[in-house]
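Please open the model in a viewer and follow the selections below in order. Each stop names what to select and then describes what is there.

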Amino acid sequence: MTELARIGVTGLAVMGRNLARNLARHGHPVAVHNRSYSRTKELVEEFGHEGTFFPAETAEQFVASLERPRRLVIMVKAGGPTDAVIDEFAPLLEPGDMIVDGGNAHFADTRRREAALRERGIHFVGAGISGGEEGALHGPSIMPGGSPESYEALGPLLEDISAKVDGVPCCTHVGPDGAGHFVKMVHNGIEYADMQLIAEAYDLLRRGAGMEPGEIAEVFRGWNEGRLGSYLIEITAEVLAHTDAATGKPFVDVVTDQAEQKGTGRWTVQIALDLGVPVSGIAEAVFARSLSGDAGLRTAARELPGPSGALAEPAYSLVADVEQALYASKIVAYAQGFNQIQAGSAEYGWSIDPGAMSTIWRGGCIIRAKFLDRIKQAYDAAPNLPSLLVDEYFLDAVRGAQDAWRRVVVTATQLGIPAPGFSSALAYYDGLRAERLPAALVQGQRDFFGAHTYRRVDREGAFHVLWGGDRSEVAS
Ligand code: NBP
């Protein structure tokens with residue numbers, strides 16, 4: 001009997017190529033295919049010795065080289081190319097076969113594709129994959145959606161090639177249809193928030209405390225040994241310590257200060273608006289990137305008056321305060337992201353286990369961090385936790401951090417250093433804990449101009465004041 005491939009990967013740019021190599025290195029015979037055959041050839045020529053590859057020039061050859069039920073992974077550019085590849089391969093497949101989309105698809109597209117392929121008996125699995133190029137090769141965090149049945153056939157393979165932390169794979173079945181891509185989207189949103197908070201911490205230490213990038217790198221190295229320990233803190237230290245070879249200047253000083261984005265952060269905020277979940281940390285991060293990128297507006301506004309941005313004396317005590325502010329704001333960003341996952345899960349009936357998500361984010365992915373263990377513990381203790389902020393550990397952490405957090409926001413404001421992540425996180429926190437919010441006044445305004453009615457604190461029902469008349473209250 002001819003040997004067949006256990007799984008196939010089509011789309012062999014950086015991600016697909018490394019994922020295929022990862023599968024082969026784990027002893028899984030893998031079929032490989034790409035629109036332009038040159039990539040397929042290159043992969044096999046360069047890395048053929050790493051395992052068993054079945055190079056295919058055509059879609060038909062590719063499908064024919066897969067054992068049944070077929071497992072076919074698509075790793076192409078998200079959007080139109082994914083649909084084009086599905087249209088090409090679906091007619092060649094049989095009921096029971098599985099298509100995995102490992103690209104960064106919008107979860108709504110995944111829902112649409114899953115429903116259409118389900119009609120034809122084909123399982124469509126939208127799988128979020130995080131960790132970039134290196135993760136795909138050495139072990140990413142994998143967030144697969146789709147049917148539980150398809151996970152039975154795919155799960156062991158995906159878990160095998162995923163990152164492991166304490167022997168636990170960073171891959172689990174997230175939930176049906178688009179659940180995997182939804183969770184990957186929120187993961188990326190949290191990544192945006194995390195990066196923005198770190199950038200604000202750097203800005204405060206650089207401009208506020210007057211520290212040099214090399215010194216700040218050392219601070220980040222120290223933080224990485226503590227509760228903030230994470231991939232993003234670790235690489236921040238590396239970037240800050242790097243010197244530009246051409247000029248001898250700190251690398252961070254020769255890079256244009258205009259952050260780019262590919263869209264997953266924006267999606268997270270758009271969907272959060274639809275779900276009515278405040279993810280202000282993620283939103284501020286997306287807006288901060290947009291502001292940084294609007295060169296024309298920034299040039300036009302350069303002369304706006306404000307403080308100079310430096311403390312009178314170098315203030316090394318700011319370092320400890322910023323660490324506290326960073327930790328507290330990070331907790332808020334994650335709390336908001338997990339609330340969005342819970343809201344999405346309720347909206348679409350996905351039954352996502354938030355504790356399991358923190359488990360699979362502990363390794364492989366960009367937001368891997370020590371404190372994800374704490375998040376797991378929090379959801380294990382209370383699966384329906386309304387907010388991470390009310391978990392005992394995080395409550396204690398924020399209680400301990402908040403004086404410093406408030407000082408940092410005040411200092412940033414006084415120095416004219418923008419800290420939208422730190423300050424919006426604090427505003428969210430204060431909003432949550434307020435006994436009375438000014439929303440009562442907003443309800444009054446809405447009733448005044450639009451007769452939108454309001455509810456009372458002391459009686460059931462909806463009411464309206466006859467604002468244009470004698471201002472008596474009527475039940476509506
Ligand atoms: P790209 O997103 O750069 O896509 C390039 C691949 O798509 C090539 O294989 C290309 O084939 C193929 N392709 C295109 Br473009 N249009 C096609 C079409 N109409 N039909 C068939 N194939 C088509 O690759 P990537 O950076 O490896 O990312 C792959 C997926 O993984 C994306 O969805 C990405 O968002 C996601 N992702 C990337 C990262 C990362 O760090 N890069 C991390 C996590 C997820 P060709 O060779 O013939 O042009």
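Begin by selecting helix 18 (residues 392–415) and helix 19 (residues 420–433), whose axes come within 10 Å and cross at roughly 130°. Helices here are DSSP runs of H or I with at least four residues, numbered from the N terminus; axes are lines fitted to C-alpha atoms over the stretch in contact, with angles from 0 to 180 degrees between N-to-C directions. Helix 18 is therefore oblique to helix 19, the term for angles that are not under 35 degrees (roughly parallel), over 145 (roughly antiparallel) or 65 to 115 (roughly perpendicular).

This is a predicted model, in which local features need pLDDT of at least 70 and side-chain atom pairs count only at pLDDT 80 or more, while totals for chains, interfaces and linings use all residues. Residues are numbered from 1 along each chain as its sequence is written, and side-chain values use heavy atoms, with hydrogens and water left out.

Now move to Cys170, which is buried (under 20% relative accessible area, 1.4 Å probe, protein chains only), because its relative accessibility is 0%. Its sulfur lies 7.2 Å from the closest cysteine sulfur, in Cys365, which is too far for a bond. Across the whole structure, zero disulfides are found, a disulfide being a pair of cysteine sulfur atoms within 2.5 Å.

Finally, select Cys171, which is in no disulfide; its nearest cysteine sulfur, that of Cys170, is 8.9 Å away. Cys171 is also buried, at 4% relative accessibility.

Definitions and conventions. Buried < 20%, exposed > 50% of the residue type's maximum accessible area, 1.4 Å probe, protein only. Helix = DSSP H or I, 4+ residues; strand = E, 2+ residues; numbered from the N terminus.
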